[in-house]
Protein chains: 2
Amino acid sequence: MRRIASLLISVATMTGVAALMSPASGNADEAAAPYVTEKPAGYRDWKWIASAHEEGKLNSLGAVLGNPVAVKAFRAGTIPFPDGTIIAALHYQAVSSEENDKIFGQKQSIVPGSPTNVQFMVKDSKKYAATGGWGFGHFNADGKPVDAAFMKPCFACHAQFKAHDLVFTQYAP
Amino acid sequence: MRRIASLLISVATMTGVAALMSPASGNADEAAAPYVTEKPAGYRDWKWIASAHEEGKLNSLGAVLGNPVAVKAFRAGTIPFPDGTIIAALHYQAVSSEENDKIFGQKQSIVPGSPTNVQFMVKDSKKYAATGGWGFGHFNADGKPVDAAFMKPCFACHAQFKAHDLVFTQYAP
């Protein structure tokens with residue numbers, strides 16, 4: 001509970017208390033947890049937006065997929081993204097493929113290893129008004145969502161990408 | 001012409017002359033160029049199979065997408081892949097995202113830069129009998145296919161992946 005309170009205080013400080021005082025939904029849980037707590041259905045079938053390799057501590061290789069609303073917006077360059085946009089980031093351990101490297105004759109091939117997590121950004125300008133219109137979600141490899149404390153930095157970090165409506169990923173043509 | 005002749009001799013040596021003596025199609029050009037010379041339609045809308053980062057000289061970040069036949073086979077682990085399978089590998093320069101790194105506070109983020117090429121593997125066990133049932137294709141960023149000499153090493157290299165029916169990429173769940 002302290003963690004949730006901390007999140008609320010933090011979010012309220014950043015974006016103004018007004019949005020939290022009038023939650024779009026009557027559901028108390030949703031108001032208390034302004035992030036995505038259920039995996040959007042069917043995301044593994046969505047279209048590919050781009051790939052990304054995060055080196056260093058994250059050591060992550062993955063892909064960003066988008067639902068039809070997201071894909072249309074990415075392709076048209078629509079900013080801000082319209083309500084209904086859902087962006088999924090599928091992350092895996094970045095591992096060297098010894099099998100590939102052997103054939104290439106050199107160390108070069110980095111491929112997805114074990115899944116680590118799936119993250120979502122869900123655009124709903126009313127429901128997630130307190131976090132720039134985006135609901136953030138993070139589900140570990142076991143499919144379970146993380147807690148509010150884990151989700152706390154998402155908005156603050158993404159908010160630095162105001163020019164792209166808080167979205168890091170750019171469409172790969 | 002010398003290049004095409006060289007390819008034919010090379011392929012014939014590797015896989016036996018018989019297959020080339022009885023091309024599945026009556027089209028002389030197809031028999032003379034046993035690789036993919038037209039981009040399959042709609043591939044950018046196909047589902048995501050996996051991402052890959054090739055370091056070193058290739059310096060490539062991209063994604064492998066599959067048509068519906070391919071996706072079904074990858075998910076079911078079907079080997080060999082059935083006729084009708086088309087696999088697309090979309091390649092881009094692997095570039096550091098200064099914008100992302102600035103926010104992360106460290107150098108870590110590698111994203112797709114300019115498109116470099118798109119490669120295809122088309123399964124047609126009759127048409128491409130001479131190359132393991134696969135037609136290989138490579139289209140530069142300008143959309144134009146490469147010549148026969150460029151395509152020559154494709155089969156020899158992929159043939160080392162016999163256990164995966166000549167396919168490097170493995171499905172990212």
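**Exercise 1.** Which exposed residues does the face of α4(B) turned away from its buried side carry?

*Solution.* The model is predicted, so local features need pLDDT of at least 70 and side-chain atom pairs count only at pLDDT 80 or more, whereas totals for chains, interfaces and linings use all residues. Residues are numbered from 1 along each chain as its sequence is written, and chains are lettered from A and ligands numbered from 1 in the order in which they are written.

Step 1. Helix α4 of chain B spans residues 68-76; helices (H or I, at least four residues) and strands (E, at least two) are DSSP runs, numbered from the N terminus.

Step 2. A residue is buried if 20 or more other C-beta atoms lie within 10 Å of its own, exposed if 12 or fewer, and partly exposed in between, with C-beta atoms placed from the backbone. In α4(B), the residues B:A70, B:V71, B:A73 and B:F74 are buried. They lie on the same side of α4(B), because they cover an arc of only 165° around the axis, the arc being that of the directions from the helix axis to the C-beta atoms.

Step 3. The face turned away from that buried side carries the exposed residues B:P68 and B:A76.

**Exercise 2.** Identify the strands against which the buried residues of α4(B) pack, and describe the pairing of β1(B).

*Solution.* Step 1. The buried residues of α4(B) pack against β1, β2 and β3 (86-96) of chain B.

Step 1. Of the 8 residues of β1(B) (residues 47-54), 7 are buried.

Step 2. Strands pair if DSSP finds at least two bridges between them. β1(B) pairs with β2(B) (residues 60-66) in the antiparallel sense over 7 bridges; B:A50, for example, has B:V64 as its bridge partner.

Step 3. β1(B) also runs antiparallel to β4 (residues 109-123) of chain A, to which 2 bridges join it. Here A:S109 has B:E54 as its bridge partner.

**Exercise 3.** Determine how the two chains are related and how they meet.

Step 1. Counting contacts (C-beta atoms, placed from the backbone, within 7 Å), 30 residues of chain A touch 30 residues of chain B. β1(A) gives the most to this side of chain A, with 7 residues.

Step 2. The copies meet through the same surface, because 100% of the interface residues of chain A are also interface residues in chain B.
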